[in-house]
Each structure stands twice: as C-alpha cells, then as structure tokens.
Amino acid sequence: MSAFDYLLNGFATALQWQNIIFAFVGVLIGTVVGVLPGIGPISGVALLIPVTASLTSGLPPEAAATSAIILLAGVYYGAMYGGSTTSILLNTPGESSSVVTVLDGYPMAKQGRAGVALSIAAIGSFFAGLVSLIGLVFLAEPLSEVALKLSPADEFSLMILGLCALSGLAGKSVTKALMMTVFGLLIATIGLDNVSGVARFTFDMPELYSGLEFLTIAVGVFALGEVFKTILERDVNEGEIAKISRIIPTKQDLKESAGPILRGSLVGFFKGIVPGSGATLASFLAYLLEKKISKTPEKFGKGAIAGVAAPESANNAASGGAMIPLLTLGIPGTGTTAVLMGALIMYNVQPGPLLFEDHPNIAWGLIASMFIGNVMLLILNMPLVKVFAKLIETPPKYLIPMIVAISVFGVYAVRVSVFDLVLLLLCGLVGYFLAKNDFPMAPLVLGLVLGPMIENNLRRALTTSNGDFSIFIEKPVSLVFLIIAVLWITVPLIMKMRGKKVIVNEE
Amino acid sequence: MSKTFDRFASLIFLVLGVAFVVGSQNISASAYGSNVGPNIFPMGLGSLLILLSLRLFYETFKYKQEGKKEKEKLDYKRFLIILVAALFYVLLLEEIGYVISTFLFLLVGFQTMQKGKWLNSVLISGAFSFGVYLLYVEVLDGTLPGLPTWLGL
C-alpha cells in the first residue's frame, strides 16, 4: 500500500463519529489552554491524559489509544493557535512559543488591528499545520523503514542522541539539563526490572514495585509546578485587553503575509523535525529571517503583519514537525511530545518504527485527524476569536484551585492510590523550585519516558557483544549517532566559551 | 542564578547519586541468559549523576557576584495555605470521600486566593465536586470514593 492508501484508511478512522468529537474537544481545550494564563501546552496535555483515559475506558484497547492520542495531539497544536491570542491582545504570551508574536502583535492591536492580527495568526497556523502534515505523510514511511533496520546498539545510540539534543538546548545550563536527564533515567529504574524481575530501589514498598508512574510525575512537575509558580509569584495578568474590531484581513494584509507564512512554515517544519529545538526556537528564527529579508526592517516591532504571520506559522509547523521523530523513531524532541509519548506507552502503544506496522490505525488515524483538527481550528479561531478572548478575563482565583483539583482527580482516577497523590504534590513542589532555578523539567520527563527503552537496548546490545561496550562504536550507524550527540552538547558550549550568543529553547 | 540554591541542589543530587550507586550494589549482578545484569544501568547513571553534581558544585564558584537585586517578594502565606489544604485534601480523600474533600479544598482555595464572594465560592465548589463525581462515577462508570458510610446516607 502506498502512503496515500494508508492516509485514506487513516481518514476512515479519523472520521468515525467519536474521533471527530475527540478531535474537536482536543482542539477546543487546546485553544483554551493556549489562551488561559498560567497553563501551557505541556501542563495541558499532562492534565488531560488521565481524563482521556477515563473517557475512552469503554472502547477496545486500540480504539481507546487512537481516540486518546487524537484528543491529546489536538490539545498540543490547538494550544499553539491559542497562544497568539494573549500575545496580541494583552502583550503577554500564553505560552513560550508565542513570545515573539508579542513584538508586533501588540503594536498591531494598539493600532486597532487586533482582529486582523488574530486572523492572520490563525490563517498562518492553518497553512503551517497543512505543510507539516504533508511532510509527515511523506516522511513517515521512509523514516520508519530506515528505523526498522536499526540494531539494538544503533537504537541505544539514537536515544542517547535524542536525550542529548533536548538537554543541549534546554535551559540556561547544560550541566543542569544533563543532571535532570540522568536523574530522569535513574528514577525510571525504580521498580521491578523488566528482564530479570528483580526489584530495584523498592525498599519493599508495594507501591514502588510498578515504578514511579510517569503520569503522576508529569502532572506534578508541569501542572502543579505552574500552579505553585502562579500563586507564589502572583503571576496574574494586569493591563488593558485590546478591543477586537475588524477580523477579516484586507487583500493587502494577505499579500503582505503570504510570503512570511510560507517561509515561516518551512522554517518551523524543519526546526520541528530536529529533536530539542522546539517551537520557541522556530518562531524566533522565522521572525529573524523575515526581518533580515524585509525591505522595510524598521517596521518590525511597530506592528508589521509579517512579524505576526511568520512566527505563528513557524510554531505550528514545528509542533507538527516534532510529531515525525516521535512517531517514526520513538524520539520525542520536545517536552510536550515526551508527555505524548508517555501517554501512548500508557496505552501499551510503543511509538517508533514498529508503530506504523503494528498500529497503522493509530498512526494514520492521528495524522488524518490532524488535518481535520486544523480545519476545525481555523473555523473556531476566525469567527469565535472574540469568545476566546473573553477567556483571558477568567479570574485566576477560580482557575488555580481548580487546576489542583483536576490534577488530583486525574491522578487518582488512573492510579487509585493516595501514595501517588502525595507523590504528585511532592513533584509539584520539587518541580517548582528546580524549574525556578533553571533546572529544566522536560529532560527529566524525557529521561523517565525513554529510560526503560534505553536500558533494554543497552542490555540487548551488550548481551550480543558479551558485555563489550565497544559494540557501540564499532557499528557505524551507532557511532554516527554518538558523534552527533557529543557535538550537540559540545558545540553550543564551545560557542558560548567564545562569547557567542546561543539561543536556548525554553518550553 | 542562585548560588545558594545550586550548591544545595548539587549536594542533594550528589547524595542521590551515591545512594543509587550504593543501592545498585545490592542488586544481583547477573540476569538469567545474560551477563549484563539489572545493576549496570543504575550504577552507571548514579556515577554520572555524581560527576555532574560535582561539576555543578564547581561551577557555583565561578558564578559572578550576584548583584544585590531586590529580592522578589514571594507570596508564601497563600502558597502555604493552599499547599497544606492540598495535603489534607489528598490524605482525607479516601476517608471522607471525593465530593466532601474536593468541596472543602476548593472552598479554602478560592477564599485563599481572594476573600469574599462566599456565595460564588460555595456554588462553584459544589458544582465542580458534584459535577465531576456524577459525570465520572454515574456516566463513565469510574471509581471514586463516595460519601463516607458514617453519614448514613
């Protein structure tokens, strides 16, 4: 079957009535998550994993996994749309990938062109979503075929590369990022060993036999961490919300933003495929590119429509692009995709080369649903943008305690254990203080998700080589991965030492 | 960058690294059919964590003198109230049931965030706790601790 036939089958899955509803709910909640202050895409997705688990509990396993991942991915790219709303109307980015949008979005709003800025952001996001999906369709098959040929040693090195890619660019200190990665891998070893069945670091506590639950930790460090930050730092929006008048862009607006949208989508897509670079960097690069090639660079920062179109397209294309290494190689390149991967594993679905072979319905159903979701988002975001803008005014007074209650409900519903609830609060506390001091949380969660797989591949490789570690550098593919991994960490360090500015990815 | 926090954190992670290395000595070294046992991975990672912690500790000496910037005032009072309330919430969840514990936690939470408007707080807390319970337990057939039996309802 060709990619096209697979895609048609995917549409058959995605167009089942329950999946249409799941996609709709996903993108709707995603937009809300993007608009609401104090809750970003990672915490949004983490919070919703347990909710989707209970929503899909009546379905057969594979259908449940498909529906759940359709909803969660919808939250992810939906949040990318919603994030622009607060940037433009309030001068405050809803999530980090909309930081650059503030530069020109808010001046546009002050000139009375808020509606146009919002609609261009929506159109750009839509186009970018389509570009990255087409890329996904064409790259998914060949990439996963290549990935299928990898030996355990190659796979181990590839995952090390993924970890290094996320750590090398995450946050301000590489040392801290690496510490978080290693710590994530370490806590993944708690529990019964998969291979030998030996209990590790369980201290005879039955709660620890199955290991620390990914879900509890992700919801704790991301959702509760954010909540604690909002309370402690009184992180509340103040300031005037710009009025929205005209929504439909003029022909001139469209003409001016067509180029930036196209270039932004391509930049974002390729940036998204590369693990560790993420949507924030993509939107930065797209903005810088537009400013560089513009004939009127002095207009940037004062309400240039290109300064909204390019970064908003780029961050959406990047989130689509980031799905490629996740689905084909099993390597999540961003914090949010790491959380998505954890969700798939919760459903006993292993992302990676075998996903397209073992679960074509899930992989292609998800891809097709992203087409549908993007259309829904365009429809939601053009006429309804005024309704979503109202959400900005939600008083944090009600929002904050409710997020705590939703976290508690979610974790309890899946785990039914008070131990996990206490762990949840603890993770929130530790997460807040570590994140505040530049210890990035995404590598920790990534380490936790990849830990068991890395260990399995390590041990399989070492078993074939009779415990000889040189197998990792004797296999050419593995060697190449390891060399890239080392470069990924060292090149930015060397550049920093030479006094060059290195842009880091914050998610 | 906070020198104190980073030093403290590097020491904690150092201790954790040592604990994992020591702990992995007690795990049997070989698994059936493989000469690579379940102890290698945590032992290696523990050692890595030790090295990285030492590196961070060393880095803290190179931090530039922290400018005496004004310390942002953190809202510890509200934070502690909500944290303690959340702790009671999770510990009492199974004792007094989902509806009552959630209702109480939300009420305390709303009032801590902003005093006043009691009616709104009561209505929203009630609607949330009952709503979630009904939806999850009655409609979706999930399990949550119900009302405590000693209420006799």
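Let me start with helix H2 of chain B, residues 40-60, whose 21 residues reach 30 Å from the first C-alpha to the last, close to the 30 Å expected at 1.5 Å a residue, the expected span being 1.5 Å times one less than the number of residues. Helices here are DSSP runs of H or I with at least four residues, and strands are runs of E with at least two, numbered from the N terminus. Please keep in mind that this is a predicted model, in which local features need pLDDT of at least 70 and side-chain atom pairs count only at pLDDT 80 or more, while totals for chains, interfaces and linings use all residues. Residues are numbered from 1 along each chain as its sequence is written, and side-chain values use heavy atoms, with hydrogens and water left out.

Which residues of H2(B) are buried? Among them are Phe41(B), Leu45(B), Leu49(B) and Leu56(B), where buried means under 20% relative accessible area with a 1.4 Å probe, counting protein chains only. The buried residues of H2(B) pack against helix H8 (174-187), strand S2 (199-200) and helix H20 (442-464) of chain A, together with helix H1 (3-25) of chain B, a contact being heavy atoms within 4.5 Å.

Turning to chain A, its secondary structure comes to 22 helices and two strands, and 63% of its 507 residues count as buried.

Technical notes
Chains lettered and ligands numbered in written order. Buried < 20%, exposed > 50% of the residue type's maximum accessible area, 1.4 Å probe, protein only.
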